Amino acid sequence: MVAVQGVEHDAWMRLAYGEALRAFDAGEVPVGAVVVSDGRVVGKGFNRPIGSGDPTAHAEILAVRDAASTLANYRLTGTSLYVTVEPCLMCAGALVHSRVGTVVYGAPEPRTGAVRTTMRALDHPSLNHRVNVVEGVLDEECRELIQRFFRERRERAVS
């Protein structure tokens, strides 16, 4: 179990995983996210670009919007965002602009992961905010859910 400052990341990631299951059930790519502040969830979201017709409706963006609304502040300083899959470049930008303190993700994203896999967007020296990164929390479970989604999608396309 991964822990930082006495906080067990697995428990928060399980909540994000629950959001990913909601996306799965809705026929969306199963990515889920929660924002945690002072030991409580203040925002949550799951991928909804297909159902909403909004290409920006990624789990991270929706969770950040929800947290900003809950906290009545567009600055989410000191919060942690837990997401089942490594954020893309758009979502990494949203983390910087909202001043999220830490991003914790499960599975790496080999094509569009912008935090560690295809680039290190959060480490760019010109950024005016640094986001701490914790990777690989519940990696196997998060990876399996994404793989299952695309496997089932391919099987339906063939039959």
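**A guided reading of the predicted model**

Over residues 1-6 the pLDDT stays under 50, and for this stretch the model has eleven contacts beyond four places in sequence. Here pLDDT is the predictor's confidence in each residue, from 0 to 100, and contact means heavy atoms within 4.5 Å. For the protein chain, the mean pLDDT is 95, and 96% of its residues reach 70 or more.

This is a predicted model, in which local features need pLDDT of at least 70 and side-chain atom pairs count only at pLDDT 80 or more, while totals for chains, interfaces and linings use all residues. Residues are numbered from 1 along each chain as its sequence is written, and side-chain values use heavy atoms, with hydrogens and water left out.

The structure holds three aromatic pairs. Rings of Phe, Tyr and Trp (its six-membered ring) pair if their centres lie within 6.5 Å; planes under 30 degrees apart count as stacked, over 60 as edge-to-face and the rest as tilted. Trp12 and Tyr82 form a tilted pair, with 6.5 Å from centre to centre and 40 degrees between the planes. Because Trp12 belongs to helix α1 (residues 9-25) and Tyr82 to strand β5 (residues 80-85), this pair ties together parts that are 70 residues apart in sequence. Helices (H or I, at least four residues) and strands (E, at least two) are DSSP runs, numbered from the N terminus. Both Trp12 and Tyr82 are buried, where buried means under 20% relative accessible area, exposed means over 50%, and partly exposed lies in between (1.4 Å probe, protein chains only).

Phe149 and Phe150 form an edge-to-face pair, 5.0 Å from centre to centre with 85 degrees between the planes. Phe149 is buried, at 4% relative accessibility, whereas Phe150 is partly exposed, at 32%. Together with Phe24, Phe149 and Phe150 form one aromatic cluster. Arg148 lies over the face of Phe24, at 4.4 Å from the ring centre; a charge sits over a ring if NZ of Lys or CZ of Arg is within 6 Å of the ring centre and within 35 degrees of the ring normal.

Ala72 is not a glycine, yet its phi is positive, at about 50 degrees. Ala72 is located in the loop between α3 (59-71) and β5, and it is exposed, with a relative accessible area of 70%. Arg99, also a residue other than glycine, has a positive phi near 65 degrees. The loop that holds Arg99 runs between α4 (89-98) and β6 (102-107), and Arg99 counts as buried at 17% relative accessibility.

Arg99 leads on to His129. Leaving aside neighbours within four places in sequence, His129 is in contact with Leu95, Val96, Arg99 and Val100. His129 itself is in the loop between β6 and β7 (132-135) and is buried, with a relative accessible area of 14%. A polar atom of the His129 side chain lies 2.8 Å from the backbone oxygen of Val100. A polar contact is a pair of N or O atoms within 3.5 Å; within protein, one must be able to donate a hydrogen and the other to accept it, and residues adjacent in sequence count only if both atoms are side-chain atoms.

Helix α4 also includes Ser98, which is buried at 5% relative accessibility. The Ser98 side chain reaches the backbone oxygen of Ala94 at 2.8 Å. Neighbours within four places in sequence aside, Ser98 is in contact with Val64, Tyr74, Arg75, Leu76 and Thr77.

Ile61 is found in helix α3 and is buried, with a relative accessible area of 10%. Not counting residues up to four places away in sequence, Ile61 touches Thr56, Met90, Cys91 and Ala94. Between Ile61 and Ser159 there are 98 residues in sequence and 34 Å in space, C-alpha to C-alpha.

The cysteines complete this reading. A disulfide is a covalent bond between the sulfur atoms of two cysteines; it is counted here when a pair of cysteine sulfur atoms is within 2.5 Å. The structure holds zero disulfides. Cys91 is in no disulfide, and its nearest cysteine sulfur, that of Cys88, is 3.8 Å away. Cys91 is buried, at 0% relative accessibility. For Cys142, the closest cysteine sulfur is in Cys91, at 15 Å, which is too far for a bond. Cys142 is buried as well, with a relative accessible area of 2%.
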